[in-house]
Amino acid sequence: MVQFPGSNCDEDTVRAVTRVGGKGYLVWHRDSELQEPDAVIVPGGFAYGDHLRAGAIARFSPIMGAVTAFANDGGPVLGICNGFQVLCEAGLLPGALMRNRDQLFLSRPVSVRVESTETPFTSAYRKDDILSLPVAHGEGRYVASSETLAELEREHRVVLRYATDNPNGSERDIAGITNQNRNVVGIMPHPERAVDSIVGNEAGRAVFESVVLSPAH
Amino acid sequence: MPRFKVEVKVMPRPTLLDPEGQTVEHALHALGFHGVKGVRVGKSLVFNVNESDAENAETSARAMCEKLLSNPVTEDFAVFVTEIL
């Protein structure tokens, strides 16, 4: 898990990986090496305080060179919330995340449908599974050119879609996408906050089970 | 080397929903400014730069916009350069 100044979901994400039997470790944004992980997760939070634009400065952190190389080599990379914003700013995913339609910071459970299980982070779900996952964001509205949106739909690269209500005005109710090579995934909801029965929701476990329990690529 | 003052204006692209602009517009109407339409909210960045001439200052500023200051998916930018004498 990559840690930027202002990331705040890093420890929870390490813990989620541990909960499903994996080993997670933190990498500081100023490091230049990832230490040969099986997967990289860019966690939620407010990297650089979201100054200028969310993820705009974090994408130039030294570690992002290694993250980009890892992604270009086919390594699994997941961006959660702020992580999704960073990956879009870095050009590893198309489009951008803008201010929520209703101008409110949303922190509540939302209903999402898993529309593709053909990614390293959704393979443990079943297609069309409907889950409740928490969101916590002020800039979660996904936008992209009409060409990009058409391409995402045509290539089945919408990974998660808001199922009953669209909380932030995202185009096509998009809550998560993947790249053309299907190894980089970005999602706005927080699966790491839904891995324990004690919080009443374990629907996020399968995101981590997908990558931890899958055969090594 | 001459010094130039650069102002970069970054605005949300016209085809995109700008909820901040809408909020400001409603607030203006509530204050009695009923003739206001089409409010959009962006940002202005101001800095000084040393360059050989105004054209180079502008080229450099545009490169900064393309690299960092503006996101081409969601924003348009405009660069204004004046020499500091």
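This is a predicted model: local features need pLDDT of at least 70, side-chain atom pairs count only at pLDDT 80 or more; totals for chains, interfaces and linings use all residues.
Seven strands, given here as 7 strands in the order β3-β4-β11-β10-β9-β6-β7 of chain A, make up an open sheet whose pairing is mixed. At its edges stand β3 (40-42) and β7 of chain A, each of which pairs on one side only, and from one strand to the next the twist averages 20°. Strands of a sheet pair through backbone hydrogen bonds, and they do so either parallel or antiparallel.

| Strands | Direction | Bridges | Residues standing opposite |
|---|---|---|---|
| β3(A) and β4(A) | parallel | 3 bridges | V40(A) and V77(A) |
| β6(A) and β9(A) | antiparallel | 3 bridges | V112(A) and Y162(A) |

Against this sheet, helix α4 (residues 146-154) of chain A lies across β9 and β10 (174-178) of chain A, and the helix runs at about 75° to β10(A).

A salt bridge also involves this part of the chain: E115(A) pairs with R161(A), with 2.8 Å between the closest N and O atoms. Because E115(A) lies in the loop between β6 (106-114) and β7 (130-137) of chain A, while R161(A) lies in strand β9 (residues 158-162) of chain A, the pair ties together parts that are 46 residues apart in sequence. Over all chains, the count comes to 20 salt bridges.

**The sheet of chain B**

Chain B has an open sheet of 3 strands in the order β2-β1-β3, with antiparallel pairing. Since β2 (43-50) and β3 (75-84) of chain B stand at the edges with a single partner strand each, one side of each is left without a neighbour in the sheet. Neighbouring strands of this sheet are turned against each other by 20° on average, direction ignored. Strand β1 (residues 3-12) of chain B is joined to β3(B) by 10 bridges and runs antiparallel to it; within this pairing, E7(B) has F80(B) in β3(B) as its bridge partner. Helix α2 (residues 54-69) of chain B lies across β1, β2 and β3 of chain B, and the helix runs at about 150° to β3(B).

**Where the two chains meet**

The contact between the chains draws on 17 residues from chain A and 15 residues from chain B. Together the two chains bury about 1,300 Å² between them, of which 62% is on carbon and sulfur atoms. On the side of chain A, L52(A), R53(A) and Q103(A) supply 39% of the area that this chain buries against chain B, which is more than any other three residues.

R53(A) also takes part in a salt bridge with E75(B), in which the closest N and O atoms are 3.8 Å apart. The count between chain A and chain B is 2 salt bridges, and across the interface 7 residue pairs are in polar contact. On the side of chain A that touches chain B, β5 (96-98) and β8 (141-143) of chain A each supply at least two residues, and the residues of that side divide into 8 nonpolar, 3 polar and 6 charged.

Technical notes:
Residues are numbered from 1 along each chain as its sequence is written. Chains are lettered from A and ligands numbered from 1 in the order in which they are written. Side-chain values use heavy atoms; hydrogens and water are left out. Contact means heavy atoms within 4.5 Å. Buried area is the accessible area (1.4 Å probe) that two parts lose on being put together, summed over both. A salt bridge is a side-chain nitrogen of Lys or Arg within 4 Å of a carboxyl oxygen of Asp or Glu. A polar contact is a pair of N or O atoms within 3.5 Å; within protein, one must be able to donate a hydrogen and the other to accept it, and residues adjacent in sequence count only if both atoms are side-chain atoms. Helices (H or I, at least four residues) and strands (E, at least two) are DSSP runs, numbered from the N terminus. Ala, Val, Leu, Ile, Met, Phe, Trp, Tyr, Cys and Pro count as nonpolar, Asp, Glu, Lys and Arg as charged, and the others, Gly among them, as polar. Two strands pair if DSSP finds at least two bridges between them. Axes are lines fitted to C-alpha atoms, for helices over the stretch in contact, and angles run from 0 to 180 degrees between N-to-C directions.
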